[in-house]
Amino acid sequence: MFTLTQEEWTAIQLSLWIASIATVVAAPLGIAIAWLLARKKFWGKALLDGVVHLPLVLPPVVTGYLLLISFGRRGPIGAFLYETFGIVFSFRWTGAALACGVMGFPLMVRAMRLSIEAIDRKLEAAASTLGASPLRIFFTVTLPLALPGVIAGMVLCFAKALGEFGATITFVSNIPGETQTISAAIYSYTNVPGGDAAAGRLVLVAIVLSLAALIISEWFSRRAGMRYHGE
Amino acid sequence: MLRVDVEKRLGDFSLSADFAAERGITALYGPSGSGKTSVVNMIAGLVTPDRGIITLDGVALFDSTQRVNVPPHKRGIGYVFQDGRLFPHMNVRANLDYGRRMSGKPVDDARFKNVIGLLGIDHLLDRRPGSLSGGERQRIAIGRALLMQPRLLLLDEPLASLDTARKAEIIPYLERLRDEFALPMIYVSHSPEEIRRLATRVVRLDNGRAEGVSDILALPTVTL
């Protein structure tokens, strides 16, 4: 029988929660940066592009360590957020969500940027002659046409966040019920004698969740094609 | 009345246009590459002239000496593009209604029915642009521009992407438009045949220069 223990359930629920929060919070920022990179020319664009993509190429431990020294309780950003808003990241699930969001961010921005670049700008010009301000053009033409790519990007970020390990464990450690995600739980189980069965079950869950995310992402990309060619 | 007197450098090509347009159809006529589309884009506000003025009913839309440049969405000028440019993610009804929604005008059912009746597109309202023929798409593009209740309508070679049969299908609609709406129109074309049938007056554009207004009868006779 395939039954999960309470501890395993907690890790799965926590993973889904952390990945969801990371994705939802990162999405608006992702759309804004994808739009900037796709549409605007500005000083420092190459630098911004590089910084966004950095977590993709840096060792995750390095990203986690950088988060620890900047967003930790005594880090410059962490101290500021704690003193002004009472937000704590270190050794909390919020920190895990931050680490997952940062790691998933480049994948999300890439997908969103590509879908914004694929939009025919002549349609936006047509919208402007019909009386739409730049902001309304964005919400009635640009965003709806980019939506399949935006959702695909969110799904990719979610999938990445779900599997994130290195940056999370470096930044917020591996605390059951607080920061122990599926990946961290698997890592713990493989380190204790007799933990193989539990690790195996969580591995299965991880495979199913990742596969589902890929299928959903693929489905949205195919919808993007249909949108343009009518039905 | 529309008054245009502008100059614009486009690469190694310099464009200068000086003409006025009133009620009826003013044709902008000239060979390909003579800058006709650039002129209508400047009127619409999609391209900024280097120098000059554009006024509509006495109000400046562009004036380089006064630093006036009204953005396209505040000009109230309808534009029918050569390639239609219908929004692929909206059905025909939403496309037609877009201009009214964006300008915040109240729903005007009588006008809507009048326009879709005139253009013969009543049966297409729930379709997506992707499933329509080129001629149907162009009629909807004309309807969309009309329904924003423009002060001026620009048509940039609206028939150029269509075959002869489709052209013949749309020309009568344009004639009705000219005769039933008190709306000045600028009609860009390089086809003397179209201009003969539609234009009230003709502005010739040659080597990037448009000067005054010429007689329709002076057009060369070419049959399609």
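Reader: In which sense do strand 4 of chain B and strand 5 of chain B pair, and what makes them count as paired?

Author: In this predicted model, strand 4 (residues 51–56) of chain B and strand 5 (residues 59–63) of chain B pair in the antiparallel sense over four bridges.

Reader: What are the bridge counts that join strand 3 of chain B to strand 9 of chain B and to strand 10 of chain B?

Author: Five bridges join strand 3 of chain B to strand 9 of chain B, in parallel. Four bridges join strand 3 of chain B to strand 10 (residues 201–206) of chain B, also in parallel. Thr26(B) stands opposite Ile186(B) in strand 9 of chain B and opposite Arg201(B) in strand 10 of chain B.

Reader: What makes strand 3 of chain B mostly covered?

Author: Five of the five residues in strand 3 (residues 25–29) of chain B are buried. Ile25(B), Ala27(B) and Tyr29(B) point one way, whereas Thr26(B) and Leu28(B) point the other way. In a regular strand, side chains alternate between the two faces of the sheet.

Reader: Why is His190(B) called partly exposed?

Author: His190(B) has 17 C-beta neighbours inside 10 Å. A buried residue needs 20 or more and an exposed one 12 or fewer, so His190(B), with 17, is partly exposed. His190(B) lies in the loop between strand 9 (185–189) and helix 6 (192–198) of chain B. Not counting residues up to four places away in sequence, His190(B) touches Tyr29(B), Gly30(B), Pro31(B) and Ser32(B).

Reader: How do you know that helix 7 of chain A falls short of a straight helix?

Author: Helix 7 (residues 134–163) of chain A has 30 residues, and a straight helix at 1.5 Å a residue would reach 44 Å. The end C-alpha atoms are only 38 Å apart, short of that span. Helix 7 of chain A bends by about 60° at Leu147(A), and Pro148(A) follows within four residues.

Reader: What makes helix 7 of chain A mostly covered?

Author: Of the 30 residues in helix 7 of chain A, 21 are buried. For chain A, buried residues make up 41% of the 231 residues.

Reader: Which elements of chain A supply the side that touches chain B?

Author: The contact takes 19 residues from chain A and 21 residues from chain B. Helix 6 (121–129), helix 7 and helix 10 (196–229) of chain A each supply at least two residues of the side of chain A that touches chain B. The largest share, six residues, comes from helix 6 of chain A. That side of chain A divides into nine nonpolar, six polar and four charged residues.

Key
Residues numbered from 1 in each chain as written. Chains lettered and ligands numbered in written order. Predicted model: local features only at pLDDT ≥ 70, side-chain atom pairs only at ≥ 80, totals over all residues. Expected span 1.5 Å × (residues − 1). Bend = angle between axes of the 7 residues up to and from the residue. Pairing = 2+ DSSP bridges. Contact = placed C-beta atoms within 7 Å. Nonpolar A, V, L, I, M, F, W, Y, C, P; charged D, E, K, R; others polar.
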